[in-house]
Amino acid sequence: MNLSAPTQIVFLLSLVIAIVGILAGLAVIPGLPISAFWIVVIAYVVLAVGNLLKKV
């Protein structure tokens, strides 16, 4: 399995999702229907998929 660097768009997308998760965990963004932990996990999965696939 060869890993490649994620594209800039995938990296920025995962960064934005992670920031939303952190802000939800700090109660800056209240009322999200999903837990802050799962939002951050989704951000990590997006980044991992960006590393595993070549041109995402």
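This is a short talk on the fold of one predicted chain.

Some ground rules come before the structure. In this predicted model, local features need pLDDT of at least 70 and side-chain atom pairs count only at pLDDT 80 or more, while totals for chains, interfaces and linings use all residues. Residues are numbered from 1 along each chain as its sequence is written, and side-chain values use heavy atoms, with hydrogens and water left out.

Let me start with the whole chain. The chain has two helices and zero strands; helices (H or I, at least four residues) and strands (E, at least two) are DSSP runs, numbered from the N terminus. Its C-alpha atoms fill a box of roughly 40 × 20 × 15 Å along the principal axes. Of the 56 residues, 18% count as buried. Buried means under 20% relative accessible area, exposed means over 50%, and partly exposed lies in between (1.4 Å probe, protein chains only).

Now the first helix. H1 covers residues 8–25, which is 18 residues. From first C-alpha to last, H1 reaches 26 Å, close to the 26 Å expected at 1.5 Å a residue; the expected span is 1.5 Å times one less than the number of residues. Which residues of H1 are buried? They are Val10, Ser14, Ile17, Ala18, Gly21 and Ala24. Seen down the axis of H1, these buried residues fall within an arc of 120°, so they line one face of the helix. The arc is that of the directions from the helix axis to the C-beta atoms. As background, an α-helix has 3.6 residues a turn, so residues three or four places apart point the same way. On the other side of H1, Gln8 and Ile9 are exposed.

What covers the buried residues of H1? The cover includes helix H2, residues 36–52. H2 has 17 residues and reaches 25 Å from first C-alpha to last, close to the 24 Å expected. Its buried residues are Ala36, Ile39, Ala43 and Gly50. Down the axis of H2 they fall within an arc of 65°, so they too line one face of their helix. These residues pack against H1, while Phe37 and Tyr44 are exposed on the other side of H2.

Between the two helices there is a loop, and Ala27 is in it. Ala27 counts as exposed because its relative accessibility is 57%.

Leu3 counts as exposed at 63% relative accessibility, and Ala5 at 62%. Leaving aside neighbours within four places in sequence, Ala5 is in contact with Gly50 and Asn51; contact means heavy atoms within 4.5 Å. Ala5 and Ser35 are 30 residues apart in sequence and 28 Å apart in space, C-alpha to C-alpha. Across the chain, residues 24 or more positions apart account for 61% of the contacts with a separation of 6 or more.

Last, the surface. The chain exposes about 4,200 Å², with carbon and sulfur atoms supplying 76% of it; areas come from the Shrake-Rupley method with a 1.4 Å probe, and for residues only the protein chains shown count as cover. Leu3 returns here, in a nonpolar surface patch with Met1, Tyr44, Val45, Val49, Leu52 and Leu53. Together they have about 780 Å² of accessible area. Patches are made of residues with over 30% relative accessible area and no salt bridge, with like charges joined within 9 Å and nonpolar side chains (Val, Leu, Ile, Met, Phe, Trp, Tyr) within 5 Å. A salt bridge is a side-chain nitrogen of Lys or Arg within 4 Å of a carboxyl oxygen of Asp or Glu.
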